Amino acid sequence: MKWYFAKRTSALLALLIFPHWAFAVEDRPFTESVVIFNTICAKCHEAQCSGRLSFDDALEKSANHILRHYGPASGKQWIQKELFDILNYMKEKCAYYPSNSSVPLKKTWDSDVLEEFSTLLDRNYFLPVGSLSPGSYRLVFELEKDIRATVHLISEEFDMVVDDCFDSSNKRIDIKFSVEDSGHYFFRMYPREPAKITRLSITKS
Ligand code: HEC
């Protein structure tokens with residue numbers, strides 16, 4: 001009982017002293033912005049590691065620029081601000097913005113989970129797939145229809161392990177790849193026409 005109380009109290013105290021922890025827990029809106037940034041903005045801003053932060057007034061100055069590349073952020077100041085913060089994070093830490101979503105142990109994702117990691121209009125996907133150790137793997141995903149898509153698998157250091165264009169057959173894309181360096185990896189897909197991914201898995205081969 002006492003221990004439980006002590007734990008609760010210290011958690012509360014921590015929240016009072018470090019309010020940004022509470023913020024870090026509630027990062028759901030951020031997932032959307034992280035996906036937008038790492039698919040659309042990444043075409044030019046990926047691995048921009050200048051270490052130099054943008055000035056606060058750069059957000060206002062770049063609003064038009066942001067909207068030109070992502071129209072749906074129009075009137076949604078919070079998305080513009082999040083995209084701006086994510087760019088600053090990348091510049092300073094030279095890393096992808098951290099994700100709070102847990103990676104399934106079996107590295108298998110179903111459509112409702114995948115939905116969260118895609119942009120609504122174009123169905124671009126950006127999904128943290130967790131850590132991979134050196135070895136050979138298969139990345140398989142199923143789609144709602146046959147399409148042609150650019151697929152990337154990227155290390156946390158921005159090295160491309162997979163970077164190619166694929167035609168699905170029987171609504172499926174099956175890719176063999178090998179990993180040399182242990183670390184966290186990220187899946188990205190740009191479909192030629194929007195198509196939902198209904199299932200994705202990574203297995204050792
Ligand atoms: C076609 C390439 C391209 C795309 C796509 C793009 N940008 Fe940019 N962006 C630039 C260039 C070039 C600059 C000016 C040079 C710089 O600061 O990197 C810039 C500048 C910025 C700045 C100002 C930085 C500063 O320090 O003043 C912000 C903020 C920004 N972009 C955010 C975004 C966001 C958010 C997206 C996605 C919605 C995006 N950009 C998409 C090319 C692009």
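The model is predicted, so local features need pLDDT of at least 70 and side-chain atom pairs count only at pLDDT 80 or more, while totals for chains, interfaces and linings use all residues. Residues are numbered from 1 along each chain as its sequence is written.

The chain has six helices and eight strands, where helices (H or I, at least four residues) and strands (E, at least two) are DSSP runs numbered from the N terminus. Their order from the N terminus is α-α-α-α-α-β-α-β-β-β-β-β-β-β.

Turning to the ligand, 15 residues surround it, the closest being Cys41, Cys44, Ser54, Ala58 and Leu83; a residue is near a molecule if its C-beta atom, placed from the backbone, lies within 6 Å of it. Two or more residues of this shell come from each of α3 (28-45), α4 (57-69) and α5 (77-93). Helix α4 bends by about 50° at Ala63, the bend being the angle between axes fitted to the seven residues ending there and the seven starting there.

Elsewhere, Lys171 sits in the loop between β5 (160-167) and β6 (172-179). Lys171 is partly exposed because 14 other C-beta atoms lie within 10 Å. The C-alpha atoms of Lys171 and Lys145 are separated by 5.3 Å, although these residues are 26 apart along the chain.

Technical notes. Buried ≥ 20, exposed ≤ 12 C-beta atoms within 10 Å, placed from the backbone.
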